[in-house]
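Welcome, and thanks for taking a look at this one with me. Please have the sequence and the model side by side as you read.

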Amino acid sequence: MLCTRAARAKDFAQQILQTCSPFLTKHPSELDVLDVGCGYGHTAVELARLCASVVAIEPSEELYFYALSLKQTEQLANLEFRNEGIYSHLGPEAYDLVVLDNVFEHLPAQPRALEIISARLRYGGVAFILVPNKLWPIEVHYGLPFLSYLPLRIANLYLRFTGRGTDYTDASYAPTYFSLNRMLRARPELSFRYVLPADLTLATKGRCLHYRLGVSLIKRWPWLWAVSKSFLVVAKKGN
């Protein structure tokens with residue numbers, strides 16, 4: 001994971017900004033960004049190279065301290081790492097862009113998270129949400145068939161039996177297409193749209209034939225979002 005994120009961080013940052021660009025009213029160089037669940041911090045670093053400021057929050061102490069060491073190496077004055085989660089990020093700052101890149105499925109109180117994110121967005125700001133689909137048959141974190149379909153107790157037994165892990169709780173909150181829609185519609189101040197990546201070549205599997213085929217099918221029949229591997233949503237505050 002570390003090697004993959006580090007090697008592709010520049011592409012991920014570019015993908016986020018290019019995908020959100022049609023919805024933003026500011027140039028990337030003017031954006032104040034909040035990166036939620038920044039992990040090792042590589043994408044936050046690349047965003048800081050392109051944006052006005054980046055606050056990157058990470059609840060894991062291990063990942064946070066790694067990110068701090070990365071900041072010391074990169075020496076970016078407009079980048080701040082904080083050891084906290086979204087539920088404690090209640091300060092006065094406001095952001096033009098909030099990024100949740102494969103983070104939403106780790107948040108147990110998702111309506112509350114969306115409430116906080118919405119409150120922290122400036123009018124005209126957007127949230128970039130990339131999250132796996134609970135109903136995709138191969139669970140994305142552990143690669144096990146139908147793991148996300150199971151009650152948590154059974155899922156934990158499945159993990160232990162296969163030797164892939166011991167506790168599925170942290171990754172068990174992936175939404176379905178329908179539950180994600182309900183949560184977003186419950187925030188009337190946000191308008192949202194399912195979007196495709198702006199540049200397929202920047203996606204992890206963007207050059208793969210099956211990935212391009214899936215994108216083509218969703219373009220033709222948008223209802224296929226309901227059965228896609230992941231959801232990519234841009235939610236904008238205000239009209």
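What follows is a short tour of helix packing, aromatic rings, cysteines and a few loop residues.

Please keep in mind that this is a predicted model.

**Two helices that cross**

Let us begin with a helix pair. Two packed helices are described by the angle between their axes and the distance between the axes. Here the partners are helix 2, residues 42-50, and helix 3, residues 61-74; their axes come within 10 Å and cross at roughly 35°. The crossing of helix 2 past helix 3 is right-handed. Helix 2 brings His 42, Val 45 and Arg 49 to the contact, while helix 3 brings Tyr 66, Leu 70 and Glu 74. By type, the residues of this contact are 3 nonpolar, 1 polar and 2 charged.

**Helices 4 and 6**

Next, look at helix 6 (residues 177-185). Its buried residues are Tyr 177, Ser 179, Leu 180, Asn 181, Met 183 and Leu 184. Among the elements that cover them are helix 4 (110-120), strand 5 (121-132), strand 6 and strand 7 (230-237).

Helix 4 has its own buried residues: Gln 110, Ala 113, Leu 114, Ile 116, Ile 117, Ser 118 and Arg 120. They pack against strand 4 (95-101), strand 5, helix 6, strand 6 and strand 7. An α-helix has 3.6 residues a turn, so residues three or four places apart point the same way.

**A cluster of rings**

How many aromatic pairs does the count come to? The count is 10. A pair of aromatic rings is described by the distance of the centres and the angle of the planes. Here are two of the pairs, with both values.

| Pair | Centre to centre | Angle of planes | Type |
|---|---|---|---|
| Tyr 177 and Tyr 194 | 5.0 Å | 45° | tilted |
| Phe 192 and Tyr 194 | 6.3 Å | 70° | edge-to-face |

For Tyr 194 the relative accessibility is 13%, so Tyr 194 counts as buried. Phe 192, at 24%, counts as partly exposed.

Ring pairs join Tyr 177, Phe 178, Phe 192, Tyr 194, Trp 225 and Phe 231 into a cluster.

Val 195 lies in the loop between strand 6 and helix 7 (209-220). Is Val 195 buried or exposed? With a relative accessibility of 10%, Val 195 counts as buried. Leaving out residues up to four places away in sequence, Val 195 touches Thr 19, Phe 23, Trp 225, Leu 232 and Val 234. Phe 231 is 36 residues from Val 195 in sequence, yet the two are 8.3 Å apart in space, C-alpha to C-alpha.

A disulfide is a covalent bond between the sulfur atoms of two cysteines. How many disulfides does a search of the whole structure find? It finds 0. A disulfide would need the two sulfur atoms within 2.5 Å. Cys 38 is in no disulfide either, as its nearest cysteine sulfur, again that of Cys 51, is 15 Å away. Cys 20 is buried, with 0% relative accessibility, and Cys 38 is buried at 9%.

Most residues other than glycine have a negative phi, and most peptide bonds are trans. Gln 75, which is not a glycine, has a positive phi of about 55°. Gln 75 lies in the loop between helix 3 and strand 3 (79-82) and is exposed, with a relative accessible area of 69%. Phe 146 also has a positive phi, near 65°. Its place is the loop between strand 5 and helix 5 (152-162), and at 45% relative accessibility Phe 146 counts as partly exposed.

Finally, find Asp 170 in the loop between helix 5 and helix 6. Asp 170 and His 106 are 64 residues apart in sequence but 5.3 Å apart in space, C-alpha to C-alpha. Beyond its neighbours within four places in sequence, Asp 170 is in contact with Glu 105 and His 106.

Terms used:
Residues are numbered from 1 along each chain as its sequence is written. This is a predicted model: local features need pLDDT of at least 70, side-chain atom pairs count only at pLDDT 80 or more; totals for chains, interfaces and linings use all residues. Side-chain values use heavy atoms; hydrogens and water are left out. Axes are lines fitted to C-alpha atoms, for helices over the stretch in contact, and angles run from 0 to 180 degrees between N-to-C directions. Helices (H or I, at least four residues) and strands (E, at least two) are DSSP runs, numbered from the N terminus. A crossing is left-handed if the near helix is turned anticlockwise from the far one by less than a right angle, and right-handed if clockwise. Contact means heavy atoms within 4.5 Å. Ala, Val, Leu, Ile, Met, Phe, Trp, Tyr, Cys and Pro count as nonpolar, Asp, Glu, Lys and Arg as charged, and the others, Gly among them, as polar. Rings of Phe, Tyr and Trp (its six-membered ring) pair if their centres lie within 6.5 Å; planes under 30 degrees apart count as stacked, over 60 as edge-to-face and the rest as tilted. Buried means under 20% relative accessible area, exposed over 50%, partly exposed in between (1.4 Å probe, protein chains only).
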